[in-house]
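These entries record what I looked up in one structure. I kept them in the order in which I worked.

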Amino acid sequence: MSEYISVLQIYMKALGDADYGTIKSLFAEDGKVLSPFLGEMAAGPFFDRLAEASSRNVITPIDIFVSTTKKHHATAYFQYDWTVRDGTLITFKVMDLFTFDADSNKIKYLDLIYDTHPIRSTAGNKYEL
């Protein structure tokens, strides 16, 4: 389980650095992301869309949680200060729930959990082109 902690640390650092290549390398080939805005997508196209929508990311880690039931799950909890391509700064807290492949420690599924209402009411849907 401790290997999941290092994967999540790498993920948060890469997200803050806008290093989407590193993020995509953490996923299994068939890895998926469930986003409140975009629904369920393959991980590669999801992070490509995020890259296109973003101009700057600041990630402030809060904590990492690992499963106590010996499941292949871990959660990253962080504040995301997201500057989108039009210069709007959006700040929100996120719980990213990861499911890992048992054999490779690659991410199989990522469920993004955050309240979209404040984002939509002040900034709209920033994934739309």
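**Entry 1: Overview**

What share of the 129 residues in the protein is buried? I found that buried residues make up 40% of them. I note at the outset that this is a predicted model. I therefore looked up the confidence next, taking buried to mean under 20% relative accessible area. The mean pLDDT of the protein is 90, and 89% of the residues reach 70 or more. Among the elements, I recorded the highest mean pLDDT, 98, for helix α2 (residues 20-25). The lowest, 63, belongs to helix α4 (residues 117-123).

**Entry 2: Elements**

I listed four helices and six strands in the secondary structure. Read from the N terminus, their order is α-α-β-β-α-β-β-β-β-α. I also looked up contacts between residues at least 6 apart in sequence: 54% of these join residues at least 24 apart.

**Entry 3: The sheet**

In what order do the six strands lie in the sheet? I read the order as β2-β1-β6-β5-β4-β3, in an open sheet with mixed pairing. Strands β2 (39-42) and β3 (54-66) are the edges, each pairing on one side only. From one strand to the next, the twist averages 25°.

I then followed helix α1 (residues 2-16), which packs on the sheet. The helix touches β3, β4 (73-84), β5 (89-100) and β6 (107-113). The direction of α1 makes about 160° with that of β3.

Strand β1 (residues 27-35) runs antiparallel to β2, and four bridges join the two. Within this pair, V33 of the β1 range stands opposite M41 in β2.

**Entry 4: The nonpolar core**

Which residues have the most contacts inside the largest nonpolar core? I wrote down Y11, L15, F47, F78 and Y80, in a core of 36 residues. At least two core residues come from each of α1, α2, β1, α3 (43-53), β4, β5 and β6. Helix α1 gives the most, with seven residues.

At 1% relative accessibility, F78 is buried. Beyond its neighbours within four places in sequence, F78 has contacts with Y11, M12, L15, I59, T60, P61, I62, F92, K93, V94 and D96. Two of these partners, Y11 and L15, were already in my list of residues with the most contacts inside the core.

**Entry 5: Aromatic pairs**

I counted 11 aromatic pairs. Why is the pair of F46 and F47 edge-to-face? The ring centres are 4.9 Å apart and the planes stand at 85°, so the pair falls in that class, for which the planes must be over 60 degrees apart. Both residues are buried: F46 has a relative accessible area of 2%, and F47 has 0%.

The pair of F78 and Y80 is tilted. I noted 6.3 Å from centre to centre and 55° between the planes. Y80 is buried too, with a relative accessible area of 7%.

I also traced a cluster linked by ring pairs, made of Y4, Y11, F27, F46, F47, F98 and F100.

**Entry 6: Positive phi in two loops**

Where does A18 lie? I located A18 in the loop between α1 and α2. Its phi is positive, about 55°, although A18 is not a glycine. With a relative accessible area of 39%, A18 is partly exposed.

I found N105 in the loop between β5 and β6. N105 likewise is not a glycine, yet has a positive phi of about 60°. N105 is partly exposed, with a relative accessible area of 25%.

**Entry 7: T83**

Is T83 buried or exposed? I recorded T83 as buried, because its 15% relative accessibility is under the 20% limit. T83 belongs to strand β4. Leaving out residues up to four places away in sequence, T83 touches S54, S55, R56, T88 and L89.

Terms used: Residues numbered from 1 in each chain as written. Predicted model: local features only at pLDDT ≥ 70, side-chain atom pairs only at ≥ 80, totals over all residues. Heavy atoms only, no water. Pairing = 2+ DSSP bridges. Axes fitted to C-alpha atoms, helices over the stretch in contact; angles between N-to-C directions. Contact = heavy atoms within 4.5 Å. pLDDT = per-residue confidence, 0-100. Core = buried A, V, L, I, M, F, W, Y, C linked by side-chain atoms within 4.5 Å. Buried < 20%, exposed > 50% of the residue type's maximum accessible area, 1.4 Å probe, protein only. Phe/Tyr/Trp six-rings, centres within 6.5 Å; stacked < 30°, edge-to-face > 60°.
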